[in-house]
Amino acid sequence: MNKIFPQGDSGDNAAGTKALPGGEGDMPQSLPSFLVARCGDPSFWIYSDQKCDGTNNCGDCSDELSPVTTCPPCGPGWWRCPSTVFGYCGCIPRSLCRDHTQHCSDWSDEYSCPGP
């Protein structure tokens, strides 16, 4: 099943949808509240299933890191490290390990990660 990601106000997919001014009218009112979540910047929101998916959907990693979100440890297909890649927060896909490109600030993706 394809996932539809909300678009930011600049048209890119890097961050959640920008809330519209006007208080309560800024998040989709036609959806049950458990289907949407606010980002660290409360003027942005994402769909709830985008929390803890390993991808930086909010643009500030608040959908992946505390105190806004408490996510379980990285799954088996992921490597925990301080990421240098904007699209990830704290974990990178193991498919990026040992590919001769730095994805972790400590280089552990190239020297410690066992690979895919």
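Q: Where is C71 placed, and how is an element such as a strand assigned?
A: C71 is in the loop between β3 and β4. Helices (H or I, at least four residues) and strands (E, at least two) are DSSP runs, numbered from the N terminus.

Q: What kind of model is this, and how are its values set up?
A: This is a predicted model, where local features need pLDDT of at least 70, side-chain atom pairs count only at pLDDT 80 or more, and totals for chains, interfaces and linings use all residues. Residues are numbered from 1 along each chain as its sequence is written, and side-chain values use heavy atoms, with hydrogens and water left out.

Q: Why is C71 called partly exposed?
A: Its relative accessible area is 24%. Buried means under 20%, exposed over 50%, and partly exposed in between (1.4 Å probe, protein chains only). So C71 is partly exposed.

Q: Which residues does C71 touch, and what makes a contact?
A: A contact means heavy atoms within 4.5 Å. Not counting residues up to four places away in sequence, C71 touches C52, D63 and E64. The C-alpha atoms of C71 and G54 are separated by 9.3 Å, and these residues are 17 apart along the chain.

Q: What marks out the phi of C52?
A: C52 has a positive phi of about 60° and is not a glycine. Most residues other than glycine have a negative phi. C52 is also in the loop between β3 and β4. At 32% relative accessibility, C52 counts as partly exposed.

Q: Which elements does the protein have, and in what order do they run?
A: The protein has 1 helix and 5 strands. From the N terminus on, the order is β-β-β-β-β-α. Buried residues make up 34% of the 116 residues. Among contacts with a separation of 6 or more, 29% join residues 24 or more positions apart.

Q: How do you know that D109 has no salt bridge?
A: A salt bridge needs a side-chain nitrogen of Lys or Arg within 4 Å of a carboxyl oxygen of Asp or Glu. Lys and Arg count as positive and Asp and Glu as negative; His and the chain ends are not counted. For D109, the nearest side chain of opposite charge is R98, at 9.4 Å. So the buried D109 has no salt bridge.

Q: What does the side chain of D109 reach, and what makes a polar contact?
A: D109 is in helix α1 (residues 108–111). Its side chain reaches the backbone nitrogen of H103 at 2.9 Å.

Q: What makes a nonpolar core, and which residues form the largest?
A: A nonpolar core is a set of buried Ala, Val, Leu, Ile, Met, Phe, Trp, Tyr and Cys residues joined through side-chain atoms within 4.5 Å. The largest has 6 residues: W79, C81, I92, C97, C104 and C113. A second, separate core of 5 residues includes C39, F44, I46 and C58.

Q: Why is the pair of W78 and Y88 called edge-to-face?
A: Rings of Phe, Tyr and Trp (its six-membered ring) pair if their centres lie within 6.5 Å; planes under 30 degrees apart count as stacked, over 60 as edge-to-face and the rest as tilted. W78 and Y88 are 5.8 Å centre to centre, with 70° between the planes. So the pair is edge-to-face. W78 lies in strand β4 (residues 78–80) and Y88 in the loop between β4 and β5, so the pair ties together parts 10 residues apart in sequence.

Q: What makes the pair of W107 and Y111 tilted?
A: The planes are 45° apart and the centres 6.4 Å apart. So the pair is tilted. W107 is partly exposed at 37% relative accessibility, whereas Y111 is exposed at 63%.

Technical notes:
A polar contact is a pair of N or O atoms within 3.5 Å; within protein, one must be able to donate a hydrogen and the other to accept it, and residues adjacent in sequence count only if both atoms are side-chain atoms.
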